[in-house]
Amino acid sequence: MGIPSDEVVQIRHADVAGEPTVVTVSCPDKTGLGCDLCRVVLLFGLSIVKGDMSTDGKWCYIVLWVVPRRGRRVAWHLLKNRLVELCPVTAPFGFDAAYLAAAGLQVDASADAGPQVFLLKLCCYDRMGLLHDVTRVLCDLELTVRRVKVSTTPDGSVLDLFFITDARELLHTKSRREEAYDKLESVLGDSLTSCEIEPATEDMSCCLQASASLTPAVMEQMFNTDVIEEQSIGTRCSSTVSVTIDNSLSPVHTLIQIQCGVHKGLLYDIMRTLKDCNIQISYGRFYASKNNRCEVDLFTVQSDGKKILDQHNQRALCSRLRIELLQPLRVALVNRGPDTELLVANPVEASGKGRPLVFYDITLALKNLDKRIFLAEIGRHAVDGREWEVYRMHFGEEHELSSSLRSKIVDGVTNMLMGWE
């Protein structure tokens with residue numbers, strides 16, 4: 001399962017080109033750590049092809065075999081830094097980590113108020129793929145897009161408002177802002193007319209609120225579980241997703257077994273679902289085969305340390321996992337007045353974090369389809385007690401799209417989000 005080391009995070013590259021890189025994490029355990037690690041791995045454009053994890057409740061040992069997704073360059077040193085930042089600090093000899101946390105001597109990153117939000121304001125001339133090119137620069141700079149407002153005027157001018165946070169927490173410095181300006185100017189060239197970055201004030205916070213409400217028809221299409229099951233029939237998602245629970249193999253753990261097709265961020269989707277359901281993993285293994293199928297075995301307990309014995313809780317957990325694996329993101333193309341609008345709904349973790357790179361993938365898919373984005377925005381909505389990040393893209397078409405083109409757009413965006421491109 002890897003090489004023992006005093007390092008919290010180790011990254012060992014394969015000797016043979018094309019073979020997976022092995023990422024090993026050995027540190028004190030904390031609730032949701034596996035989910036957080038998988039989220040960062042997904043953020044850096046990596047696919048997990050195999051995984052092993054174990055914990056005794058105090059110390060955890062996680063090994064992930066990862067490969068870069070096609071066309072993505074990986075900054076391995078930055079990946080290591082981000083993974084180390086997620087790991088709890090080892091308590092000094094003779095002290096218990098829980099005692100230090102209770103005494104206020106152990107910093108919990110998850111309890112942090114969060115990084116400062118900045119407003120990036122871009123004015124430029126419109127061109128095909130502009131929004132994705134800007135998004136790609138922000139991703140390369142480790143600037144996370146929290147919200148966005150994009151508008152295009154009839155004369156072809158574009159005003160982009162990006163509410164962003166900096167993973168390096170240096171955007172308050174002049175040198176970091178100048179680095180961002182230079183990168184954007186090198187990509188946008190003469191089409192860029194102005195670029196400003198400033199701290200987001202309280203008066204700007206209204207832009208971080210939810211966008212226009214969703215219609216009942218859209219809510220039914222995107223969030224009704226029966227409709228989702230029906231929509232998934234005959235798709236790559238539906239290929240025999242199986243979730244079972246077994247309490248006979250361990251006296252102290254409930255075994256959750258999952259068999260399903262592979263998609264981008266699969267292990268993250270499983271981990272975030274279990275984290276939100278307060279299910280803890282004591283031991284787990286994940287394996288993705290070459291025929292795009294994966295098998296997952298997880299020995300778990302509830303938050304009280306006991307097995308999952310209640311039949312209702314078992315059925316609810318299996319149903320939740322199945323839906324999350326059938327459609328981890330929801331994609332729909334609807335008419336909004338004279339315009340055509342693309343909607344993508346991304347589930348938000350209970351911690352408030354959304355799935356990474358969704359905006360990146362959407363804009364890349366639309367660029368590949370030669371679709372111009374006339375208006376764009378991101379807002380959050382509460383649906384049946386869960387929070388969703390909803391991405392809206394208006395195409396501003398002067399005529400209605402044909403059914404074949406609509407299907408092509410939905411399929412293109414879905415395939416990019418799921419890693420089937």
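Two strands pair if DSSP finds at least two bridges between them. Helices (H or I, at least four residues) and strands (E, at least two) are DSSP runs, numbered from the N terminus. The model on display is predicted: local features need pLDDT of at least 70, side-chain atom pairs count only at pLDDT 80 or more, and totals for chains, interfaces and linings use all residues. Residues are numbered from 1 along each chain as its sequence is written, and side-chain values use heavy atoms, with hydrogens and water left out.

**The whole chain**

Of its 421 residues, 48% count as buried, where buried means under 20% relative accessible area, exposed over 50%, and partly exposed in between (1.4 Å probe, protein chains only).

Next, select residues 330-336 and 339-347, which are strand 13 and strand 14. These two strands run antiparallel and are joined by seven bridges. Within the pair, R330 stands opposite A345 of strand 14.

Now extend the selection to the open sheet of eight strands, whose order is 8-5-7-6-15-16-14-13, with antiparallel pairing. Strand 8 (192-199) and strand 13 stand at the edges; each has a single partner strand, so one side of each is left without a neighbour in the sheet. From one strand to the next, the twist averages 25°.

**Helix 2**

Move to residues 76-86, helix 2, where L78, L79, R82, L83 and L86 are buried. They cover an arc of only 135° around the axis, which puts them on the same side of helix 2; the arc is that of the directions from the helix axis to the C-beta atoms. Display what covers these buried residues, including strand 1 (9-12), strand 2 (21-28), helix 1 (33-43) and strand 3 (46-55).

**The nonpolar cores**

Finally, select I258, I270 and L274, which touch the most other members of the largest nonpolar core, a set of 51 residues. Such a core is a set of buried Ala, Val, Leu, Ile, Met, Phe, Trp, Tyr and Cys residues joined through side-chain atoms within 4.5 Å. Helix 1 provides the largest share of this core, seven residues. Apart from this core lies another, of 48 residues, among them L130, V158, I164 and L188.

Note on methods:
Axes fitted to C-alpha atoms, helices over the stretch in contact; angles between N-to-C directions. Contact = heavy atoms within 4.5 Å.
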